[in-house]
Amino acid sequence: MAEPSFRQASYEEIAQALRSHDGFTVCGHVNPDGDCIGSVLGCAHLLRALGKEVQPIAALKDPLDPSLASIPGADAIVRAEDARPTPVFITVDATADERLGEAAAALRAQVSFQIVLDHHEVRSCAADLCRIEPEAASTTCLVWDLARAAEVPLTEDLAACCYTGLMTDTGRFQYQNADARAFRSAAEMVACGIDVSLISQEFFQNKTVAALRAEALAVERMEFLNGGDAVLSWISREDLQRLDARRDDCEGIINALRSIGRVHVACVLKEYDEGLVRGSFRSKDGTDVAALAARFGGGGHKAAAGFTLECSLDEALCQAREALSSLKDA
Ligand code: 5GP
Ligand code: MN
């Protein structure tokens, strides 16, 4: 990858900018996950601790799912469509406009000062201050380090937000990104008094019956490709209606497919709207699924990536089959 064309800001510089401005919006990516909402709310706690006005926002189609709604401060989240412009916009866990969604990107375009905190591999960043660490396990690790640099009290709520992002983005400290920094940061967060077992329950023992039924259906339909080391499955709009399932109910399916021993790369297609298919890729053998997702106009991390296709589910299945059938051994 080419050298990035932006200047990496230090945490001290960003902390100074937080102190010298007032009126902040904090926003993450579309289809928000634990790291996204954890980062948004972690930043909100940090800013309030500095005595600042803050508007945490999210690109939301449906209400936040119960796991995300359990993150401290979630009730203050404003839908991007209903948000007002503020002098400063902090983007977390995302960099480009496409990842923000239309409403948030339009809001960001109106502000006078922009900050980006992200852990995705990006080539360019147009913000006034960019802190982008692709090697960081979660964006909440950046928020945590920023809180330390800003010398705000490391409260239980702030720690819970940051721990949530770290726990979810490392797959409960199991993925390749679960490095010494991740564990060190987690230890610091735990020392702030968070209830690790309760946070874990909110995310991992909080499934709906519909989610389990959707998972069963997707498992039933698995197709093995590339000699059996790739797996593909799907959920249609009709399935969602029949099972009375929400989008969030399908987000765990990919983990079930990936958990099969011989599977190295897993893909799930989800027809969330007519003519709009969301795809998720996961790999566990070093296959770069971000590159695979990029072929479909998406992206993400090497081991976890996603994309959206504007086509029928059948067409998307054909394309995914083709991509998975031609994987090389990593
Ligand atoms: P998921 O499969 O959970 O939706 O996405 C996995 C990861 O891939 C996310 O954490 C995010 O980093 C990334 N991702 C998902 N969808 C997209 C997309 O459309 N574009 C980009 N650039 N990244 C995505
Ligand atoms: Mn993340």
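**Entry 1: cysteines**

I started with Cys125, which counts as buried because its relative accessibility is 11%. This is a predicted model, so I read each value as computed from it. Next I looked up the partner of Cys125. A disulfide joins Cys125 to Cys130, with the sulfurs 2.4 Å apart. Cys130 is buried too, at a relative accessible area of 3%. I then checked the handedness. The torsion about the S-S bond of Cys125 and Cys130 is about -95°, so this disulfide is left-handed.

How many disulfides does the structure hold? I found 1.

I also looked at Cys311 and Cys318. Cys311 is buried, with a relative accessible area of 15%. Cys318 is partly exposed, with a relative accessible area of 43%.

**Entry 2: manganese site**

I went to ligand 2, the manganese ion. Which residues coordinate the manganese ion? I listed Asp35 (OD), Asp93 (OD), His119 (NE2) and Asp169 (OD), at 2.2 to 2.4 Å. Along the chain, these donors follow the spacing D-x57-D-x25-H-x49-D. Asp35 lies in helix 2 (residues 34-49), while His119 sits in the loop between strand 5 (113-118) and strand 6 (129-132), so the pair ties together parts that are 84 residues apart in sequence.

Is Asp35 buried or exposed? Asp35 counts as buried, at 0% relative accessibility. His119 is also buried, with a relative accessible area of 2%.

I worked through the pairs from strand 7. Strand 7 and strand 8 (residues 230-235) run antiparallel and are joined by 3 bridges. Phe224 has Val231 of strand 8 as its bridge partner. Strand 8 and strand 9 pair in the parallel sense, over 6 bridges. Here I found Leu232 opposite Cys267 in strand 9.

Strand 9 and strand 10 pair in the antiparallel sense, over 8 bridges. Glu271 stands opposite Val277 in strand 10. The hairpin of strand 9 and strand 10 has 2 residues between the strands. In that hairpin, Gly275 takes a positive phi near 75°.

How many residues of strand 9 are buried? I counted 8 of its 9, so I logged the strand as mostly covered.

**Entry 3: helices**

Last, I checked helix 1 (residues 11-20). Tyr11, Ile14, Ala15, Ala17 and Leu18 are buried there. They cover an arc of only 160° around the axis, which puts them on the same side of helix 1. On the other side of helix 1, I found Glu12 and Ser20 exposed.

Technical notes. Residues numbered from 1 in each chain as written. Chains lettered and ligands numbered in written order. Predicted model: local features only at pLDDT ≥ 70, side-chain atom pairs only at ≥ 80, totals over all residues. Heavy atoms only, no water. Disulfide = S-S within 2.5 Å. Buried < 20%, exposed > 50% of the residue type's maximum accessible area, 1.4 Å probe, protein only. Donors = N, O, S within 2.8 Å, 3.2 Å for Na, K, Ca; no water. Helix = DSSP H or I, 4+ residues; strand = E, 2+ residues; numbered from the N terminus. Pairing = 2+ DSSP bridges. Arc of directions from axis to C-beta.
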